[in-house]
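Hi,

Here is the structure we talked about handing over.

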Amino acid sequence: DLEISGIVRMTAYINGLYYLQPAQDYADPPVYKFWAGTRERGLFLYYARDGRWHVGSAFEKQGARPSWRLRSEKVAPGTLPGKVKLWEALTAAGWMPMFVRTITAGRKQLEAAWKLADATTSSVQLDISDAPGPCTTLCQVGYFTNVNGKYDLQPLESVLQAPTFKRRRLFLLEREMWIYYAQDGRWHVGTTQEKNEHRPGRRFRSMDGLRLPTG
């Protein structure tokens with residue numbers, strides 16, 4: 001994960017935290033998505049076809065198109081944004097050098113842990129208990145769902161994906177609940193749809209995402 005700061009004037013709104021997104025292909029460069037609490041902005045930090053890192057829209061990111069907000073100097077493929085020495089912002093006079101500070105969070109340990117969290121060789125289980133949340137007798141018929149229960153580690157689809165944990169159902173109508181890594185850089189407890197879309201849930205979340213939920 002990465003934080004951009006130091007941008008002023010017209011494009012100051014791009015300052016903030018950018019969270020590493022799940023990779024679709026091992027050969028693709030990483031993509032970071034801007035996140036500002038509950039105010040999600042459709043901005044991404046991505047490597048474009050002109051050999052630079054850019055901050056741009058989803059449309060620009062999907063086509064690896066150069067953007068007009070912020071760009072890095074030309075760098076070789078494989079150079080991460082935290083290693084870039086020069087950034088430029090577009091002004092009325094054209095592209096001008098800009099002092100930009102990038103801070104990369106410590107993710108090496110987390111990524112290594114993800115690769116080792118293989119359910120075929122591990123029987124990791126999480127047990128959530130005494131978690132607060134709304135629950136009445138309607139819980140028994142699936143209208144409301146709390147987060148308490150035993151969660152089993154699921155087989156990894158890719159070493160590039162964070163592990164997921166699925167709650168054991170106690171009865172047939174109980175809603176499926178998951179522990180998963182969301183696009184805001186935290187572990188969340190949420191529904192199947194929230195997990196599939198990596199959306200932050202509304203029930204329970206970690207303080208940060210720099211460690212596995214098991215510890």
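One definition to start: a polar contact here is a pair of N or O atoms within 3.5 Å; within protein, one must be able to donate a hydrogen and the other to accept it, and residues adjacent in sequence count only if both atoms are side-chain atoms. With that in hand, look at H188: a polar atom of its side chain lies 3.1 Å from the backbone nitrogen of G201.

Two housekeeping points. This is a predicted model, so local features need pLDDT of at least 70 and side-chain atom pairs count only at pLDDT 80 or more, while totals for chains, interfaces and linings use all residues. Side-chain values use heavy atoms, with hydrogens and water left out, and residues are numbered from 1 along each chain as its sequence is written.

Now the overall picture. The protein chain has 3 helices and 15 strands; these are DSSP runs numbered from the N terminus, helices being H or I with at least four residues and strands E with at least two. Of its 215 residues, 40% are buried, where buried means under 20% relative accessible area, exposed over 50%, and partly exposed in between (1.4 Å probe, protein chains only). Among contacts (heavy atoms within 4.5 Å) with a separation of 6 or more, 38% are between residues 24 or more positions apart.

Back to H188, which lies in strand β14. H188 counts as buried because its relative accessibility is 2%. Leaving aside residues up to four places away in sequence, H188 touches W178, I179, Y180, A182, P200, G201, F204 and R205. One of these, R205 in β15, stands opposite H188. Strands β14 (residues 187-190) and β15 run antiparallel and are joined by 2 bridges; two strands pair if DSSP finds at least two bridges between them. Both belong to an open sheet of 6 strands with antiparallel pairing, in the order β10-β11-β12-β13-β14-β15. Its edge strands are β10 (125-128) and β15, each pairing on one side only.

Next, the charges. Side chains of opposite charge can pair when their charged atoms come close. The structure holds 9 salt bridges, a salt bridge being a side-chain nitrogen of Lys or Arg within 4 Å of a carboxyl oxygen of Asp or Glu. A few to look at:

- E88 and R52 meet at 3.7 Å, N to O. The pair links distant parts of the chain, with E88 in strand β7 (residues 87-91) and R52 in the loop between β4 (43-47) and β5 (53-57), 36 residues apart. E88 and R52 are both buried, and a network of salt bridges links D50, R52, R71 and E88.
- D152 and R168 meet at 2.7 Å, N to O. Here D152 sits in strand β11 (residues 149-153) and R168 in the loop between β12 and β13, 16 residues apart. R168 is partly exposed, with a relative accessible area of 41%.
- E197 forms a salt bridge with R199, the closest N and O atoms being 2.5 Å apart. E197 is partly exposed at 40% relative accessible area, and R199 is partly exposed at 30% relative accessibility.

Finally, which residues have a positive phi without being glycine? Phi is near 50° in A64 and near 55° in H198. A64 lies in the loop between α1 (58-62) and β6 (70-72), and H198 in the loop between α3 (192-196) and β15 (204-205).

Cheers
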